[in-house]
Each structure stands twice: as C-alpha cells, then as structure tokens.
Amino acid sequence: MAGKGLIVSVSGPSGVGKGTILEAIRKRYPECKQSISVTTRAPRGTEQDGVEYYFRTREQFEQLLADGEILEYDEYVGNYYGTPLTPLIKATEAGDDILLDITIAGTLALEEKYPLAISIFILPPSFEQLAERLKGRGTETDELIKMRMEKAKEEILSAKKFDYVVVNDNLEEAVDNIVAIMKAERCRYERNEGIEKTL
Ligand code: 5GP
C-alpha cells in the first residue's frame with residue numbers, strides 16, 4: 001500500500017487538543033484530507049453518516065472486519081472504531097495526504113501493518129494544563145477528570161513508540177511542526193525510491 005500520499009496518524013491523551021490541531025491543518029491545507037472512520041457508536045448532535053463517521057451496527061462492523069476492509073481498529077468505551085482500507089488506498093494513490101485521528105493503540109497497529117505511516121504523539125505542555133483543559137470542557141465531573149488524568153499519565157508512556165512528539169503549547173506552533181514533519185517525510189528516500197535513476 002505504498003501510494004504517493006502520506007498517511008499521518010495523530011494520537012494523544014483525551015483533552016490534548018488533537019481535534020483542534022487537525023482542523024487547523026485542514027483549514028490551512030485543504031488538500032489534506034481526513035479519513036472518515038467507521039464506528040458502532042450512535043451519532044452525537046448534528047453528526048451525519050458519511051461526514052464525521054460512517055455509523056454502522058456491530059454486525060456490519062464485524063462483517064467489514066471479516067472482509068478485510070478495516071486497516072486498523074480499536075474498541076473505545078464499548079464501541080468499535082476503525083479505519084476503512086479502500087478509501088485510504090484510493091486517496092493515497094491519487095497523491096492525497098490523509099490525516100487520521102485515532103487511538104494510541106490504533107496508531108501502533110497501523111504502524112505494524114504499514115511502517116511508512118507517520119505517527120505523531122501530541123503531548124500537553126504539562127499535566128496541570130491538561131487537567132485545566134479537561135475542566136474547561138465543562139462536561140465532566142471531578143471524578144471523571146481524575147480518571148482521565150490517570151489514564152493520560154499511563155498513555156503518555158506510549159509516546160516513545162511514536163515517530164514524532166509535538167507539544168501542544170501553542171496551536172499555531174503545533175500545526176507548523178506537523179506541517180514541517182510532513183514536508184520532511186515527503187523527502188524520505190523510501191518515498192522516492194529510484195528517483196536518482198530518472199535524472
Ligand atoms: P469520539 O467517540 O469522541 O468521536 O472518538 C473516540 C475516540 O476514538 C477518539 O480518541 C478517536 O481518536 C478514536 N477514533 C476515531 N476513529 C477511530 C478509528 O478509526 N480507529 C481508532 N483506532 N480510533 C478511532
């Protein structure tokens with residue numbers, strides 16, 4: 001699956017701001033597409049099938065898995081989430097860069113299958129700031145925030161398995177860093193194999 005486009009997977013603990021970072025990248029570079037995952041969770045608010053996610057039943061998801069149509073998947077809070085394979089292949093073959101917003105375990109599974117995928121771990125500037133952001137959402141109880149912080153401390157230990165780490169201290173800087181990573185990755189020899197013979 002070595003298309004021309006990049007596959008960039010962005011992960012990090014809950015509340016670290018990866019959704020905002022990815023949105024800012026897509027705004028700045030509309031040629032960067034975000035993969036639409038398949039999920040068994042119910043749509044929230046204004047979410048629409050085929051826009052934020054493909055909403056499917058558990059049986060449908062399991063059938064896609066059995067058909068080899070899911071590149072990687074994970075179970076998160078009782079629901080399946082997976083990256084569909086065919087649209088990803090088509091997009092990268094067409095030269096589009098694809099951004100993935102997936103769990104840490106999902107990124108690690110993706111790297112196993114497709115080592116040229118670029119894995120980026122987003123770190124908060126500090127645990128205090130992560131706690132502040134979680135509180136700022138205003139949707140979670142103190143107990144839940146405490147649980148998420150414990151989980152974040154454990155998850156952050158996975159950073160060493162990723163290709164890159166980006167600290168989300170300042171949104172613009174985090175976006176600039178990811179764009180710079182993508183630029184450098186396009187120059188990797190593996191992505192340009194045989195180029196010297198074409199001169
Ligand atoms: P939410 O339900 O809040 O939209 O997403 C929950 C979590 O599932 C987020 O951490 C998101 O990154 C992750 N997620 C969404 N799609 C996928 C996917 O295709 N694969 C994996 N492994 N995780 C996903």
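Here are legends for a handful of close-up views of this structure.

Before you start, this is a predicted model, where local features need pLDDT of at least 70, side-chain atom pairs count only at pLDDT 80 or more, and totals for chains, interfaces and linings use all residues. Residues are numbered from 1 along each chain as its sequence is written, and side-chain values use heavy atoms, with hydrogens and water left out.

**View 1. The ligand takes up the largest pocket.**
A pocket here is found on a 1 Å grid over the protein atoms alone: it is an open set of points with protein on both sides within 12 Å along at least five of seven lines. A molecule sits in one if more than half of its atoms lie within 2 Å of its grid points. There are 15 residues around the ligand, and Ser37, Arg41, Tyr53, Tyr81 and Asp101 come nearest; to be near, a residue needs a heavy atom within 4 Å of the molecule. Strands E5 (70-76) and E6 (79-84) each give at least two residues to this shell. Helices (H or I, at least four residues) and strands (E, at least two) are DSSP runs, numbered from the N terminus.

On its own, the ligand has 520 Å² of accessible area, and the protein covers 86% of that. Accessible areas come from the Shrake-Rupley method with a 1.4 Å probe, and for residues only the protein chains shown count as cover.

**View 2. Thr107 is a buried residue in helix H4.**
Helix H4 runs over residues 104-113. Thr107 counts as buried because its relative accessibility is 0%; buried means under 20% relative accessible area, exposed over 50%, and partly exposed in between (1.4 Å probe, protein chains only). Its side chain makes a polar contact of 2.8 Å with the side chain of Ser9. A polar contact is a pair of N or O atoms within 3.5 Å; within protein, one must be able to donate a hydrogen and the other to accept it, and residues adjacent in sequence count only if both atoms are side-chain atoms. Leaving aside neighbours within four places in sequence, Thr107 is in contact with Ser9, Ser11, Ile102, Ser119 and Phe162, where contact means heavy atoms within 4.5 Å.

**View 3. Val77 sits in the loop between E5 and E6.**
Val77 is not a glycine, yet it has a positive phi of about 45°. This valine counts as exposed because its relative accessibility is 71%.

**View 4. Glu69 is in the loop between helix H2 (58-66) and E5.**
With a relative accessible area of 28%, Glu69 is partly exposed. Its side chain pairs with that of Thr86 in a polar contact of 2.7 Å. Not counting residues up to four places away in sequence, Glu69 touches Leu64, Thr83, Pro84, Leu85 and Thr86. Gly82 is 13 residues from Glu69 along the chain, and their C-alpha atoms are 9.4 Å apart. Over in helix H2 you can find Ala66, which counts as exposed at 64% relative accessibility.

**View 5. Val175 is buried in helix H7 (residues 171-186).**
Its relative accessible area is 1%. Apart from neighbours within four places in sequence, Val175 is in contact with Ile21, Ala24, Ile25 and Arg28. Val175 and Arg28 are 147 residues apart in sequence, but C-alpha to C-alpha they are 9.2 Å apart in space.

Arg186 counts as partly exposed at 37% relative accessibility. Not counting residues up to four places away in sequence, Arg186 touches Leu6, Asp97, Arg191 and Asn192. Thr198 is twelve residues from Arg186 along the chain, with 17 Å between their C-alpha atoms.

How values were computed
1 Å grid on protein atoms, 1.4 Å probe; cavity = no way out; pocket = protein on both sides within 12 Å on 5 of 7 lines; lining within 4 Å.
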